[in-house]
Amino acid sequence: MLILDFDHGRPIYLQIIDYIKKQIITRNLKIGDKVPSQRELAQQLKVNPNTVQRAYREMENMQLAETIRGQGTFIVKRGELLKELQGEMAGTLLKNFILEMQSLGYDDQEILGLVEKYQQDLKEEIK
């Protein structure tokens with residue numbers, strides 16, 4: 001069963017869209033794949049079907065998904081889609097990270113230094 005830990009500070013339909021994007025980036029969903037029906041996903045997530053319907057409609061507006069009458073909803077077939085989503089999500093993560101670090105009082109050089117230090121520490125842990 002699919003379980004998402006919803007952030008009550010953001011609309012659920014946006015969180016569903018982010019979940020689908022991450023599934024594409026991690027290649028759990030591939031370009032051209034069929035996504036679960038709106039009713040099926042609503043049951044899995046234990047949310048109102050109208051919420052999933054809104055998420056799917058927004059994904060169509062974003063040219064992320066397309067619905068084919070009688071067949072279902074599919075991830076659009078665009079070669080650059082994966083790179084676009086990776087760039088978008090990475091940008092969001094980095095922006096939030098930098099803003100949070102600045103709110104803790106770090107300047108740009110200190111942030112870069114910490115990133116380099118933790119990156120090196122991770123490499124050491126992997127060895």
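Biologist: Happy to start with the ground rules; what should I keep in mind about the numbers?

Modeller: This is a predicted model, where local features need pLDDT of at least 70 and side-chain atom pairs count only at pLDDT 80 or more, while totals for chains, interfaces and linings use all residues. Residues are numbered from 1 along each chain as its sequence is written, and side-chain values use heavy atoms, with hydrogens and water left out.

Biologist: Thanks! Why is Gln15 called buried?

Modeller: Buried means under 20% relative accessible area, exposed over 50%, and partly exposed in between, with a 1.4 Å probe and protein chains only. Gln15 has a relative accessible area of 9%, so the residue is buried. Gln15 sits in helix 1; helices are DSSP runs of H or I with at least four residues, strands are runs of E with at least two, and both are numbered from the N terminus.

Biologist: What is Gln15 in contact with, leaving aside its neighbours within four places in sequence?

Modeller: Contact means heavy atoms within 4.5 Å. With those neighbours set aside, Gln15 is in contact with Asp5, Phe6, Asp7 and Arg10.

Biologist: And Lys21, buried or exposed?

Modeller: Lys21 is buried, because its relative accessible area is 4%. This lysine also lies in helix 1.

Biologist: What joins the side chains of Lys21 and Glu88?

Modeller: A polar contact of 2.3 Å joins them. The term needs a pair of N or O atoms within 3.5 Å; within protein, one must be able to donate a hydrogen and the other to accept it, and residues adjacent in sequence count only if both atoms are side-chain atoms. Leaving aside neighbours within four places in sequence, Lys21 is in contact with Met62, Leu64, Leu85, Glu88 and Met89.

Biologist: How do you know that the span of helix 3 agrees with its number of residues?

Modeller: The expected span is 1.5 Å times one less than the number of residues. For the 13 residues of helix 3 that should be 18 Å, and the end C-alpha atoms are 18 Å apart, so the two agree.

Biologist: Which residues of helix 3 are buried?

Modeller: Val52, Ala55, Tyr56 and Met59 are the buried ones. They cover an arc of only 95° around the axis, which puts them on the same side of helix 3. The arc is that of the directions from the helix axis to the C-beta atoms. Exposed Asn50 and Asn61 are on the face turned away from that buried side. The cover over the buried residues of helix 3 includes helix 1, helix 2, strand 1 (65-68) and strand 2 (72-75).

Biologist: What makes Asn48 a cap for helix 3?

Modeller: A side-chain oxygen of Asn48 lies 2.7 Å from the backbone nitrogen of Asn50, at the N-terminal end of helix 3.

Biologist: What about helix 2: which residues are buried there?

Modeller: In helix 2 (residues 38-45), Leu41, Ala42 and Leu45 are buried. They cover an arc of only 100° around the axis, so they are on the same side of helix 2. The face turned away carries exposed Arg39 and Gln43.

Biologist: Why do strand 1 and strand 2 count as paired?

Modeller: Two strands pair if DSSP finds at least two bridges between them. Strand 1 and strand 2 have four bridges, in the antiparallel sense. They form a hairpin with three residues between them, and Gly70 in the turn has a positive phi of about 80°.
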